[in-house]
Amino acid sequence: MSDLPGQHIESRTAIHYDHVTKTYPNGNRSAVTDLSLDVAKGDFVVLLGPSGCGKTTLLKMTNRLIEPTSGSISIDDVDIHSLPAPQLRRRIGYVIQQTGLFPHMRVEDNIAVVPKLLKWDKKRTDVRIAELLELVGLPPGDYRRRYPAQLSGGEQQRVGLARALAVGPDTMLMDQPFGALDAITRTRLQMELRRVHEQLGQTIIFVTHDIDEAVRLADQIVIMREGGIVQAGDPLEIVTNPADAFVSDLVGSSDALRRLSLIESGAVATALQPGMLPPSESIGAAIDVRTAFGRMLGSGISTIGVTGADGALLGTLDLDTVREIARTHPVDAPV
Amino acid sequence: MNFDYLIDNWREVLQLTWEHIVLCSLAILLAMVFAIPLGILISAFPRMRFTTIAILGAIYTIPSLAFLAFLIPSLGLGRQPAVVVLAAYAQLALVRNMQIGLTGVDPNVIEAASGVGMSSWQSLTRVRLPLALPVLIAGLRIATVSTISLATVTAWISAGGLGTLLFEGITFNRPSMILAGTVAITALALSTDLLLRLAERMTPASRALHSAQS
């Protein structure tokens, strides 16, 4: 990413895990072992790993649903043990897989739970409920008075997200929130979550075992195995440069299409040659190569135009180039 | 056998029905004072469950006449010992349903309650009890209906109520009087059952559940 002159990009640590270990009394191996990690403010961090790798334990230690055996965790430089657990949790958004919506409460009351705990007045809470429902794409008029049982799985998860966002927390913890949804709903909610994150800029820690989900959402992927971190980095780096065979298997580095999906078309487009005919179709420079490839196959063309944000043609991408990228591990490509 | 007694003495029957209601209400109120904390306690501490339920089950098997006779030396005759005995019998249904209701709440929902920052007390009063309420009311219904029928027997120690009609009917060999008592008790039990079934449906948890079908 290129910095504009004069623009200062803050990269402060929001959450700091310092040699955190969790051992269970009866287990001979620990769930999390001597783990240290810094999460930058505003980052979308995805904890990825097979079940039993300790990712959920790490997440739940962050809001003290699980207490670490040793080590310390701080949020914004304040030790999480310096205030009572319920108070800590009211400042952290929390979303879980089965939504955990309170079934006896209407949508509006579910969202109002934390504002009520913080003794907001009714008017402020009401305005906030409508705002949040709009944000997560549920028209308040239709949805406020419904019970969770009257919502689809995807709608329930949207309400779960709205509830977690209610008091505008700086930090969000999400434990496989989309795990029980069908593929189409899941993808749609992933896009919306990304949008919400870009809009509000909270620090998010998100647990999943789905690599596609991780790649789609994460600024940073943290790969865990047997209670420790195997590799941490941005999605492209993880997929193109796996630390070992475990990571490579987990993220499917050998999957050429996955690699293509991580590269922007603009980064690998070749400049128009003089005298060449402009291609019949084109896509935006920010669109990934996998999508471009799909368009080319679908339309039966071998060259596609790549346009900038203003719509001007920047260059072209042809099938040979795509084949080349799929085969090699590309180095960081300049835009 | 005919309805003559009921027709000729409906004021008396009504008076005895009222006594019956007061007796049962007192018994159920006293029972709840013990059953609610006890139910919460054994849902929080699984180790106490087996013993508690076993003891309450044992109490439930004591024959009612023996139980009443047993209390005469200490509590004497009348309403007071009757209330104690009826409250003791009601414990099993109340405590067991309390525990089943509270432990039957979806663990995800309980985790969500602490996850959003509720204290354990807030989680109990705002989430677990409201969700357990239909089961609690079902327990209350079973306990109340069986108390209404058991309270007939307590007329034997002069606790009053509709049992009086049965005992006197037997003593004076007046089937019409027995019938009047039986009709009144049955009507009371059935209407109470209906009322509490309605209450069960009116709870937010049941309304939420049934809302899905509408």
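Which residue in E12(A) does Gly284(A) stand opposite? In this model, which is predicted, Gly284(A) stands opposite Thr307(A).

Let me put that pair in its setting. E11(A) and strand E12 of chain A, residues 303-307, run parallel and are joined by 3 bridges. They belong to an open sheet of 3 strands with mixed pairing, ordered E11-E12-E13 in chain A. At the edges stand strand E11 (282-284) and strand E13 (313-318) of chain A; each has a single partner strand, so one side of each is left without a neighbour in the sheet. On average, neighbouring strands of this sheet are turned by 35° against each other, direction ignored. Across E11, E12 and E13 of chain A lies helix H14 of chain A, residues 289-299, and H14(A) runs at about 135° to E12(A).

Now the domains. Chain A is assigned domain 1, covering 13-253, and domain 2, covering 259-327. The C-alpha centres of these two domains of chain A lie 35 Å apart.

Next, the strand pairing of E1(A). Strand E1 of chain A, residues 13-22, runs antiparallel to strand E2 of chain A, residues 32-40, with 6 bridges joining them. His16(A) has Asp38(A) in E2(A) as its bridge partner. E1(A) also pairs with strand E4 of chain A, residues 70-75, in the antiparallel sense and over 5 bridges. There, Thr21(A) is bridged to Ser70(A) in E4(A).

On to chain B. Helix H2 of chain B, residues 10-44, packs against helix H3 of chain B, residues 46-61, at an angle of about 135°, and their axes are 6 Å apart. H2(B) and H3(B) are therefore oblique to each other. From H2(B), Leu38(B), Leu41(B) and Ile42(B) meet Met48(B), Arg49(B) and Thr52(B) of H3(B). By type, the residues of this contact are 4 nonpolar, 1 polar and 1 charged.

Last, the contact between the two chains. How many residues does each chain give? Chain A gives 19 residues and chain B gives 19 residues. On the side of chain A that touches chain B, the elements giving two or more residues are helix H2 (85-90), strand E6 (92-96) and helix H4 (113-117) of chain A. H2(A) gives the most to that side, with 4 residues. The residues on the side of chain A that touches chain B divide into 11 nonpolar, 6 polar and 2 charged.

That is the end of my part.

Key
Residues numbered from 1 in each chain as written. Chains lettered and ligands numbered in written order. Predicted model: local features only at pLDDT ≥ 70, side-chain atom pairs only at ≥ 80, totals over all residues. Axes fitted to C-alpha atoms, helices over the stretch in contact; angles between N-to-C directions. Parallel < 35°, antiparallel > 145°, perpendicular 65-115°, else oblique. Contact = placed C-beta atoms within 7 Å. Nonpolar A, V, L, I, M, F, W, Y, C, P; charged D, E, K, R; others polar. Pairing = 2+ DSSP bridges. Domains from an automatic or database assignment.
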